[in-house]
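Please look over the sequence and the model below before reading on.

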Amino acid sequence: MGISAINTGNNLVYLIVAALLSFMGISGFFGKNNLSLVDIDIEFPQEIYAGSAFPLKVTLINKKRVLPVFLMKVNIDGHTAFFPYVESKSKSSVYINISFSRRGRKEIEDLYIYSVFPFNFFTRYKRLGKKFEFIVLPQLKQCTLLALYEKDRRLRGDRTSDSTGYETDIVSIREYVYGDPMKYINWKATAKTGKLKTKELSSLLYRPVIIDFDEVAINDTEEKISCIAYSVSKLIKNNTPIGLKIKDRLYNPDITQSHKINMLRELAIYEDR
Amino acid sequence: MKIDNVTTIKIKSLVTIISYLIGAIGFISVYRYINPLYSVAFVFLFILSMFFQYKQRFYIPKWSLNIFSVLLIAFNLYKINTEELITQIVQVILMIYAVKFLEEKRVRDYMQIYTLTLFLLAGMGLLSMNISFSVFLVIIVIMLSTSFVLLTFYSQEPDMELTKKTAVRIVLKSLYIPCLAIPLSVVMFVILPRTQYPIFDFLNRADKAKTGFTNKVRLGAVTNIQEDASIILRANMEKINNDDLYWRGIVLDFFDGVSWTSTDKNPVPQSSSIIASGKTIKQTIYLEPYADRYLFALDKPAFIYLRGIRRLDDLTFRMPSFIERRLRYDTLSIISDYLFESHVDTKIYLQVPEGISQDIKNLAKSIMKGEDRMQDISSLISFFNSGSFMYSLKNLPITRTPLDDFLFKNRYGNCEYFASACAVMLRLAGIPARLVGGYRGGYYNDVGRYYLVPQKNAHVWVEAFLENKGWVRLDPTPASIDNFALSKKVHFMFRMRLALDLINYYWYAFVINYNLDRQLGIVFAITKAVKRPDLKFNTKTIKHLKYAAMFIMISLLLFIIVKVIMKKRDVERLLLSQFYKRLDRYGYKKRESQGLEEFVEGIKDDNVKTKAWEFTRQFEELYYRDRKLNKDDIKRLKDIIKAI
């Protein structure tokens, strides 16, 4: 078209060429602008287990004053989050399914945004130079170890705790509160008082168990870690206080969620390569 | 997924709809210039393709469409001729355009459609110089950019659905691109490189020749010109007295009783001066194409600047070929009723038709006694202006003896009859005379500072030769100025048209006629202004330039101030970088990944480390409390850094 403009000397063809050139120039500017003032935030779920997919929340923050972000893709370790349109001065989130095969400390370093906007001719990239660190917990693998501890626990017997739960012993009877399960209504007391009464049952607290990492007789370290992790997670679910002895460190038995995570993290970074 | 109250639009449908709109506009831009058969074919195929699109089935296989396209090109190649080359190319492009619409369209096909649209538009540019081109250009640029953006969305995810709100937003925001691109293309247009000699100049099709003066004018034929509503020329110049507005074009000197013709004239060098006294007026004339080769300029044109122009000895200017394209030329004219010449060829200028009637001879003799030529001339003019002759454009005597009918029977006619009768009678009285064809009057546009001269102002007048005086202009047509000037009663619509013509004028002046010369002109003007601003200090343009420069300087200054203030807010970062610089002197470089404390902890020299900790502690205390640092804080921290 440019050549034809020069060769014909026709100003109207020149006008088209001028329009095309400025169009290309402006679109180049828009393409560049599209990538600027864009920030990416990633939110990790608390528990990321090796080998299983989890949803990763990717948020794109458009800090531009006027222009929206068009057709932005975010590369996160080879996974892509796609944002078709984000208004100026606003943010948008998408979830991408992602999984890591190995436990341990992980870094997302290769974080870049790219877009074909405004025209599908070429893709512009921009590295964000941001780093996200997180720990991938070991894969949970069912194994016989748990059965061993279960057995051990049964042998030692249970112990009632002072806290209420939904086990068998009645601790007290109280007024019905909306939402109490029907089966816990004490009909006898209800009949007596004429008001709905609920049984308060004790929760059982099992005897604490401590897993000594070195004592577990599994040769393959990964297998061993996965197995211990599985046991830890399962036992805590069953309300069994569990502790862990690993590398001169002792986690005293407990049943809280944060305790579980701490132990799994310790396992995750064990001899991390 | 369908959410209540939220209508979603498929991006694919959006792209399709806009592409069809573009297709329709592409077609409209060229249909006037091509064979109607092709137009009909295109419309048929276009509607058919809409039907296919609606049914989501494309009944004609792609290969057969491709074969059709190839055959079409081959057929047109076979028929090709250089005269109508562009028209043929446009027709072929239009057919391929239709074929593209008939196919099932993917991203690539849409891109091809858009490219073809631009080709069609270029074709329109080559086929027409009309201002409507710019309208099409703007519409197409806007639509194409919107469509391009949507197409990019489509290419990323073909099944994407947008809410109506988002779709509208995307379209609106993508309009920023043409909004910025259109002004930029004006700049681009000015600076794009030009050549002096286009190679394929013939591709620019000539505008259709209009009516106008030719070197043979039959009596009564000028009415055809006068009934033409179009414009013949625009002349950029100062406003002058209406009585002086005679646009000289052609000189007619041979009369056979029915028609006037122009005999062969000798070219004279343009440098030879004309002898006339009066005011010199410079004009820049934009002449529309018409049926002959003569250029028009204000009467007594002394000089016309145009490549290839020839001046003839009857003071007319002629181009080597027919004026098939709009021309722009500068000319200098001397406003004068007289043109001095020492002698003339009486054989030419005293010629009368052989069968001229005795009645006319007698009439001439009765009016002009032959004692005083000046007296004779004035009595002849007053004979025509006495009131017994009427000016009329209707029922003109187009007979074998038009002059007799005019003088003795009808006693009405238009300028040709008056001028012819006058010239013939002058010749009969022994005064050499000739007819000058051109235009009379014009409408001055005060904004654009130009005269608009329509075809209806076509006029013929007489030049008579007097010894020692030369050629004197005579206009026997009664009250002619009223017919050609803008009277107060003129229709409002006509005034509106005049005002609107300004757009046309600028279009021709600045777009169509923009060329290497003018481009260089701009460069020279700028360099001149830049090199010697002091010399032109008090001219108006420089004054404007000065204001512009001042405005830019002030904005720049404000920008810098704002930047500095903004930076001040970021004083924390500044302090940190000073701190790092200081430590860098001792060879401690902070790595990107290191935190501030981590970095300070890594310092081996105890003395430095203590001071660095001092800074870190104080800095963090201020920074993490989210408190703005005041002057004292900054000074304290700076002192610590200095002490390190």
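Which residues have the most contacts inside the largest nonpolar core? This is a predicted model, in which local features need pLDDT of at least 70 and side-chain atom pairs count only at pLDDT 80 or more, while totals for chains, interfaces and linings use all residues. Residues are numbered from 1 along each chain as its sequence is written, with chains lettered from A and ligands numbered from 1 in the order in which they are written.

The largest nonpolar core has 78 residues, and those with the most contacts inside it are Leu295(B), Ala419(B), Ala421(B), Cys422(B), Met425(B), Leu426(B) and Val462(B). Helix α14 of chain B, residues 415-428, gives the most to this core, with 11 residues. Leaving aside residues up to four places away in sequence, Cys422(B) touches Leu380(B), Phe384(B), Val462(B), Leu474(B) and Pro476(B) (contact requires C-beta atoms, placed from the backbone, within 7 Å). A second, separate core of 76 residues includes Ala19(A), Phe119(A), Leu94(B) and Ile170(B).

In chain A, three strands form an open antiparallel sheet in the order β1-β2-β5 (strands pair if DSSP finds at least two bridges between them). Its edge strands are β1 (38-43) and β5 (90-98), each pairing on one side only. Nine bridges join β2(A), residues 54-62, to β5(A), and Phe54(A) has Ile98(A) as its bridge partner there.

Where the chains meet, 33 residues of chain A are in contact with 39 residues of chain B. On the chain A side, α1 (2-8), α2 (11-35) and β4 (79-86) each supply at least two residues, and the largest share, 16 residues, comes from α2(A).

Key: Two residues are in contact if their C-beta atoms, placed from the backbone, lie within 7 Å. Helices (H or I, at least four residues) and strands (E, at least two) are DSSP runs, numbered from the N terminus. A nonpolar core is a set of buried Ala, Val, Leu, Ile, Met, Phe, Trp, Tyr and Cys residues joined through C-beta atoms within 7 Å. A residue is buried if 20 or more other C-beta atoms lie within 10 Å of its own, exposed if 12 or fewer, and partly exposed in between; C-beta atoms are placed from the backbone.
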